[in-house]
Amino acid sequence: MQLHLVDAFTSSPFTGNPAGVCLTDADDAAWMQAVAAEVNVSETAFVDLSTLAVTGEVGLRWFTPTVEVEICGHATLASAHVLFEQGLATSPIAFRTASGVLLAEALPGGGIQLDFPVDEPVSALPDGHMADEFADALGAAVVELARCRYDILVEIPSAEEVRDLEPDLSVLRAASGRGVIVTARAADNAGPGAPDFVSRFFAPAVGIDEDPVTGSAHCCLAPYWAKRLGRERLVGAQLSPRGGEVGVELAGDRVYLRGDAVTVSRGELVAAATRL
């Protein structure tokens, strides 16, 4: 079984968000979870090519070091990158996932576009939590709180404050949902090609204190900032220490996520499911 390590939403090795990509037709969730814990990056994707010739779809599952998740942007981008790079599938790829069929398309000018469902944020406090609780945990004033399907979105006043966050993870761990997206409008004096908004993503509840670049969070960030900035095509910068950028475009109830990826390593996984 091939095992790749890919940095997603970047074109430079050792930046962006690393993802494991395992090519296997195994269907053993306990084994997949053990592999993901061993790889120990935010998500490891398991790609099943066995159905491609029959159904035209590729099976895809994602695991953090501690749990299986329903959706993941950067590991989907990494999986498509590996299949294109190895000549194992042609564009577009239809991934069969727990979140339905997700498409990945190689862009003519380089990079990959993902077709994901929009996650429309709803302005509301998470159940059992107060705005002051998030302000104290983040050390920043809360401009707005919203609930997404998987996450809680918190807008704070400035991009600089997003960059400098040192949150109390114990509070965020107790928050309902997968994780907490902290976001702000990008600096007004930025030059051409600069991002429109910034974010960071904390998900200690699923074993990820901070995710470097979170594609699926941009399914919620895209409609949130499109309404505020009056444009449906935007660029988000995730200001984690590794950093990365995600291009977004709203298309009805779908959102296109665009980014690059680079393979850092590839090898053979010899610990088969039947040996555990």
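Residues are classed by relative accessible area as buried (under 20%), exposed (over 50%) or partly exposed (in between), with a 1.4 Å probe and protein chains only. The model is predicted: local features need pLDDT of at least 70 and side-chain atom pairs count only at pLDDT 80 or more, whereas totals for chains, interfaces and linings use all residues. Residues are numbered from 1 along each chain as its sequence is written, and side-chain values use heavy atoms, with hydrogens and water left out.

Salt bridges were assigned where a side-chain nitrogen of Lys or Arg lies within 4 Å of a carboxyl oxygen of Asp or Glu. The structure holds 13 of them. One of these joins R258 to E249, with the closest N and O atoms 2.5 Å apart. E249 is partly exposed at a relative accessible area of 22%, while R258, at 16%, counts as buried. Salt bridges with shared partners also join D27, R61 and E68 into one network.

A salt bridge between E70 and R149 has an N to O distance of 3.7 Å. This pair links distant parts of the chain, 79 residues apart: E70 is in the loop between strand 5 and helix 3 (73-85), and R149 is in the loop between strand 10 (144-147) and strand 11 (151-155). E70 is partly exposed, with 41% relative accessibility, and R149 is exposed, with 60%. K227 and E120 form a further salt bridge, at 3.0 Å from N to O. K227 belongs to helix 7 and E120 to the loop between strand 8 (112-117) and strand 9 (122-123), so this pair ties together parts that are 107 residues apart in sequence. The relative accessible area is 62% for K227, which is exposed, and 37% for E120, which is partly exposed.

Aromatic pairs were defined for the rings of Phe, Tyr and Trp (its six-membered ring) with centres within 6.5 Å; planes under 30 degrees apart count as stacked, over 60 as edge-to-face and the rest as tilted. The search of the whole structure gives 4 such pairs. F197 and W225 are stacked, with 6.2 Å from centre to centre and 10 degrees between the planes. Because F197 lies in strand 13 (residues 197-203) and W225 in helix 7 (residues 218-229), the pair ties together parts 28 residues apart in sequence. F197 is buried, at a relative accessible area of 0%, and W225 is buried, also at 0%. The rings of W225 and Y224 are edge-to-face, since their centres are 5.3 Å apart and their planes stand at 85 degrees. Y224 is buried at 2% relative accessibility. The charged end of R228 sits over the ring of Y224, 3.6 Å from its centre; the criterion is NZ of Lys or CZ of Arg within 6 Å of the ring centre and within 35 degrees of the ring normal. Elsewhere, ring pairs link W31, F46 and F63 into a cluster.

W31 is also one of the buried residues of helix 1 (residues 29-39), together with M32, Q33, V35 and A36. These buried residues pack against strand 2 (17-23), strand 3 (43-48), strand 4 (57-63) and strand 5 (68-69), contact being taken as heavy atoms within 4.5 Å. N40, which follows helix 1, has a positive phi near 60 degrees.

Definitions and conventions:
Helices (H or I, at least four residues) and strands (E, at least two) are DSSP runs, numbered from the N terminus.
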